[in-house]
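Okay, hi everyone, thanks for coming.

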Amino acid sequence: MVTRYRYGPAAGIGRRALLAGLATSWIGGIAAKAAGVPETPSGAVSRIAALDWGIAATLLSLGVVPVGVPAPAWYARYVVDPVLPGSVIDVGLLFTPNFELLQALSPQLIVATPLLQQAAPMLQRIAPVYGDLLFQPAPDVLEIAERGTLGLADRIGVTAAGKSLVESTRNELAATARRLAGHASRPLLLASPLDARHVSLFGPDSLYGGVLRQCGLTNAGTAIQGEFNIVGLEKLGAYGDATMILLDSPAAPGMAVRLTENRLWRTFPFVRAGQLHVLPAVLGSGGLPSASRFARLLSTALTDNAGGSQ
């Protein structure tokens, strides 16, 4: 969605804060081990700076804790699961990382998306840079995530973990398909609030749309090109008997609930029929971990009578 990367400016990082952060990284690594975070396999690249939240989530799912991630507090709001350990250092803004801090962290590898291609020459002075797609709006959005995951796993020496993550995600979606087989005939409208008058509607080429397709469910937004369209609330009445799946947005906290108090909102068929489910935030560019999280949340919402209907 269009707002998923908005957050306030990162605090300035001085030498004392940097040293404290590095110490926290070392101590936090011990705590992470005690908490059951998988150890990096022997021979794998272990000191990795992940300059994207979806990459960070994928690394964690592969059993590798990155040494640095941009804006960890916002990762916690957008990604949620897998949880980012407290040992991970804040390396600045999502699209403008702190190069001095990255240098001090001495990563063996920096993993970034193609969106940071212009910064690659500067990053390569610090460590080798690996960049591949974990997300791209397309009919094969999940296959892209799988290929990106396997490529990343191979690059850092955890090939078996990559194959396991792909397999576990497929199993999660297959289980969701079986559980939601009775919902296949009713179209689902996927949206996220932007403000009191607009929402993003997600199309078949979004990660959420890919999950619906894999699970045998119908996306009501079939006419949406690309990942999403931004529409005014008045457009939602055209979607007839669709069930509304409203994903909360950390960029507009509480807006999903406030929409339910809107007079126009209350006139929509999905509200009157009790076919509205509000889900927590799921990072739309988060690759396989986000696909699994969305599938779990969707399954719970649609099969639990108290599963988020508003």
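I'll talk about the nonpolar cores and then the salt bridges.

Quick housekeeping: this is a predicted model, where local features need pLDDT of at least 70, side-chain atom pairs count only at pLDDT 80 or more, and totals for chains, interfaces and linings use all residues. Residues are numbered from 1 along each chain as its sequence is written, and side-chain values use heavy atoms, with hydrogens and water left out.

So, the largest nonpolar core has 35 residues, and I48, W53, L59, Y75 and I156 have the most contacts inside it. By core I mean buried Ala, Val, Leu, Ile, Met, Phe, Trp, Tyr and Cys residues joined through side-chain atoms within 4.5 Å. Buried is under 20% relative accessible area, exposed is over 50%, and partly exposed is in between, with a 1.4 Å probe and protein chains only. Helix α2 gives the most to this core, 6 residues; helices (H or I, at least four residues) and strands (E, at least two) are DSSP runs numbered from the N terminus. Apart from that there's another core, of 25 residues, including L142 and L298.

Now, how many salt bridges does the structure hold? There are 4, counting a side-chain nitrogen of Lys or Arg within 4 Å of a carboxyl oxygen of Asp or Glu. R296 meets D81 at 3.0 Å, N to O. Those two sit 215 residues apart, with R296 in helix α11 and D81 in the loop between α3 and β3. R296 also pairs with E172, at 3.4 Å between the closest N and O atoms. Through shared partners, D81, E172 and R296 end up in one network.
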